[in-house]
Amino acid sequence: MQSVHIVSAYDEELQYLSKRIAAMGGHAERMVEQAIAALVNADPGLAQKVIRDDLVLDEGQREIDDKAIVIIAKRQPMATDLREIVGAIRISADLERVGDLGKNVAKRVVAVIEGRQPTSLFRGLEALADLALTQLKEVLDVYASRSVENIGFVRDRDDQIDAMYTSLFRELLTYMMEDPRNITPCTHLLFCAKNIERIGDHATNIAETIYYIVTGDQMPADRPKGDKTDKIVLPAAQPVK
Amino acid sequence: MAEMGAEHEGAAQTVAIRLWNSRRLLAAGIGAVLAVYWFAGMSGYVVLLACAVLLAAAMLQTDVARQSAEGGAAIEASGLQRLSGEYLAAAVADPLIIFDRTAMIVHANAAAFAAFGGIAPGLSLSLKFRAPEMQALLDSILSGNVASDVVDYTEKLPVERAYRVSASSVGHGTDLYVLVFKDQSEARRIDRMRADFIANASHELRTPLASISGFIETLRGPARNDPAAREQFLQIMQNQTGRMARLIDDLLSLSRLEMKPYLKPGNEVDLRQTVDSVIDSLGPLARENGVAIERDFAEGPLDVPGDRDELFQVFENLLENACKYGQSGGRVVVSIAPGDAGPEPGIDVTIRDFGPGIAEEHIPRITERFYRVDVENSRTQKGTGLGLSIVKHILTRHNARLSIKSEVGKGAAFSVHLPRH
């Protein structure tokens with residue numbers, strides 16, 4: 001991965017950083033997975049566990065920040081090493097946000113499951129979460145293998161996530177129009193969907209950071225915007241079937 | 001205590017065997033001593049001493065024999081030592097990864113490559129397996145506090161898999177460790193399948209059932225003496241039972257696919273021949289719907305690894321959809337072309353219709369179970385809402401991609417990208 005330094009402790013410190021990042025990534029993935037499972041299976045106990053687990057990520061981010069600062073101060077890193085360290089700081093911040101978003105989904109579980117919703121609502125959300133989690137997993141796999149050649153897939157996935165989110169948004173709006181009693185749970189679900197879509201964005205951010213760590217160049221800045229929910233208007237007079 | 005007793009017994013037995021083995025020598029020796037006693041008139045004590053020395057010699061002699069047997073075992077063990085760890089790992093059917101003190105992968109067998117992909121020597125395990133329970137397992141085994149440990153590890157994406165992972169250190173002082181993954185996915189899936197099947201199926205089956213029971217009521221009541229209405233109702237009821245039968249078939253085939261998410265490697269499928277036979281088998285349906293099927297096949301070999309029956313089902317479902325829902329376009333184009341542009345070289349099979357198309361907001365979701373763009377149209381076309389779900393499952397197993405392009409009013413193109421390796 002890296003060329004060997006004369007001071008082997010330096011290598012160990014850098015390895016420790018990336019190991020902590022991976023552990024944080026694993027935690028974040030697990031939290032999002034469990035938050036969605038709690039929502040779909042109406043499981044407030046699991047939701048509580050997710051909310052508690054967020055502490056681990058906060059802790060992880062603080063630790064990585066501290067360690068990174070100490071390494072910079074002690075070793076005066078250059079080139080790849082410096083990018084590696086700064087990258088670790090950025091990735092840990094993104095992962096911490098992913099955890100927060102997962103936690104937010106978990107917090108809404110109680111409000112959503114109060115009136116039992118049709119499973120079709122959750123199915124869309126589950127599919128959206130699958131896409132976002134796949135993206136996060138693939139990005140973290142690239143962090144492990146450092147093979148940034150085909151990191152372009154991240155952009156494609158982001159497109160899919162945006163399209164899915166737009167479709168879900170529309171669907172939830174129609175449910176609300178059908179029956180005002182749906183408004184409370186559907187509004188919460190809208191926020192959940194938005195949170196998941198944001199997780200995809202953080203995964204893309206991480207991908208960009210990894211690209212920068214490995215190549216030293218910024219990823220080309222043609223990030224597409226497929227989120228069209230800002231333009232969705234449903235005709236009020238004619239409820240959709 | 002029982003073990004100790006058994007050990008004593010064993011030792012006594014071996015001594016008895018040794019004595020028995022050297023019985024002739026002993027007899028000769030004791031006979032010689034007695035002869036000397038008779039003729040030379042030695043004292044009794046000397047005779048006893050001589051006998052004791054003979055017995056001891058008999059035991060010693062057999063001890064030497066045992067030592068030579070141990071020598072043979074040592075030669076065998078060195079044969080085992082010469083056996084390379086690589087061959088041993090390859091002979092294990094479960095995914096197996098050997099790693100060093102820093103959790104760096106030293107060797108992974110073929111099963112591990114197939115299951116996890118992208119496992120190169122030098123990759124850090126703690127970066128690859130990030131799940132909290134795996135991190136804890138690696139930490140505990142590398143800390144040296146325990147010699148071996150076991151956890152249950154589940155991967156949700158891309159396909160759900162459950163493993164029982166055992167980690168242990170290899171030998172003494174080798175600084176190597178080994179991870180073995182035992183696949184438990186099947187058992188998990190069978191459990192889950194029951195619940196899922198009931199949840200999905202009951203809703204879909206209830207609709208035709210409700211309609212059938214409604215007609216039965218009508219037939220027994222108001223329409224009792226109306227032969228024309230009776231005939232009509234019976235026809236509808238027959239259609240509904242037909243629909244239930246199709247639904248059950250689809251659900252079963254989906255469940256079967258979910259039970260075995262991996263493909264057995266080694267089979268090659270000739271896409272040209274497969275797609276040709278799909279087109280032939282759907283000829284009657286196309287004629288009935290007034291749709292002409294056009295072929296546009298590339299030259300050269302069009303073979304990909306895969307399962308022929310499953311790929312047949314994929315193209316059958318896609319082409320059937322094109323004929324049914326793209327009916328108004330009057331034609332369907334099936335093309336096969338090498339698709340080497342993407343990250344993985346492969347072959348693209350595209351089925352394009354010129355019907356009403358699919359609105360953009362539906363495209364990301366049409367592979368979901370029971371998701372229908374237009375419920376009424378789907379019912380009249382005898383759709384079950386599971387066709388594309390089955391397609392997606394099969395393609396995931398083939399490591400293939402389905403991409404859907406459509407514009408409202410201009411038709412839809414379903415493109416399958418099958419990697420060559």
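Author: A charge sits over a ring if NZ of Lys or CZ of Arg is within 6 Å of the ring centre and within 35 degrees of the ring normal. By that rule, the charged end of Arg331(B) sits over the ring of Phe354(B), 4.2 Å from its centre.

Reader: Which ring does the charged end of Arg146(A) sit over?

Author: The ring of Tyr143(A), with 4.7 Å from the charged end to the ring centre.

Reader: And what should I know about the model itself?

Author: This is a predicted model, in which local features need pLDDT of at least 70, side-chain atom pairs count only at pLDDT 80 or more, and totals for chains, interfaces and linings use all residues. Residues are numbered from 1 along each chain as its sequence is written, chains are lettered from A and ligands numbered from 1 in the order in which they are written, and side-chain values use heavy atoms, with hydrogens and water left out.

Reader: On to the rings. How many aromatic pairs does the structure hold over all chains?

Author: Nine. Rings of Phe, Tyr and Trp (its six-membered ring) pair if their centres lie within 6.5 Å; planes under 30 degrees apart count as stacked, over 60 as edge-to-face and the rest as tilted. One of the pairs is Tyr165(A) with Phe169(A), which is edge-to-face at 6.3 Å centre to centre and 70 degrees between the planes.

Reader: Why are Tyr165(A) and Phe169(A) separated by about one helical turn?

Author: Because they are four residues apart in helix H5 (residues 153-178) of chain A. Helices here (H or I, at least four residues) and strands (E, at least two) are DSSP runs, numbered from the N terminus.

Reader: Are Tyr165(A) and Phe169(A) buried or exposed?

Author: Both are buried. Buried means under 20% relative accessible area, exposed over 50%, and partly exposed in between (1.4 Å probe, protein chains only).

Reader: Which parts of chain B does the pair of Phe116(B) and Phe181(B) link?

Author: That pair is tilted, with 4.8 Å centre to centre and 55 degrees between the planes. It links distant parts of the chain, 65 residues apart: Phe116(B) is in helix H5 (residues 110-116) of chain B and Phe181(B) in strand E5 (residues 176-183) of chain B. Phe116(B) is buried, with a relative accessible area of 10%, and Phe181(B) counts as buried at 0%. Phe116(B), Phe129(B), Tyr153(B), Tyr163(B) and Phe181(B) form one aromatic cluster.

Reader: Now pockets. What is the volume of the second largest pocket?

Author: About 1100 Å³. On a 1 Å grid over the protein atoms alone, a pocket is an open set of points where a 1.4 Å probe fits, with protein on both sides within 12 Å along at least five of seven lines; lining residues have an atom within 4 Å of a point. Grid points are joined across faces, edges and corners, and the volume is the space filled by probe spheres set on the points.

Reader: Which residues are the closest to its centre?

Author: Of the 44 residues that line the second largest pocket, these are Asn321(B), Lys324(B), Tyr325(B), Ser378(B) and Gly383(B). The largest share of the lining, nine residues, comes from H12(B).

Reader: How does the lining divide into nonpolar, polar and charged?

Author: Into 15 nonpolar, 17 polar and 12 charged residues. Ala, Val, Leu, Ile, Met, Phe, Trp, Tyr, Cys and Pro count as nonpolar, Asp, Glu, Lys and Arg as charged, and the others, Gly among them, as polar.

Reader: Where does the second largest pocket lie?

Author: Domain 3 (185-261) and domain 4 (266-421) of chain B both give residues to its lining, so the pocket lies between them. Domain bounds come from an automatic or database domain assignment.

Reader: How many residues of H14(B) are buried?

Author: Eight of its 11 residues, so described as mostly covered. Among the buried ones are Leu388(B), Ile390(B) and Val391(B). Just after H14(B), Asn399(B) takes a positive phi of about 60 degrees, although Asn399(B) is not a glycine.

Reader: And chain A, how many helices and strands does it have?

Author: Six helices and zero strands. Buried residues make up 51% of the 241 residues in chain A. Gly99(A) is found in helix H3 (residues 79-113) of chain A and counts as buried at 0% relative accessibility. The C-alpha atoms of Gly99(A) and Leu55(A), 44 residues apart along the chain, are separated by 9.2 Å.
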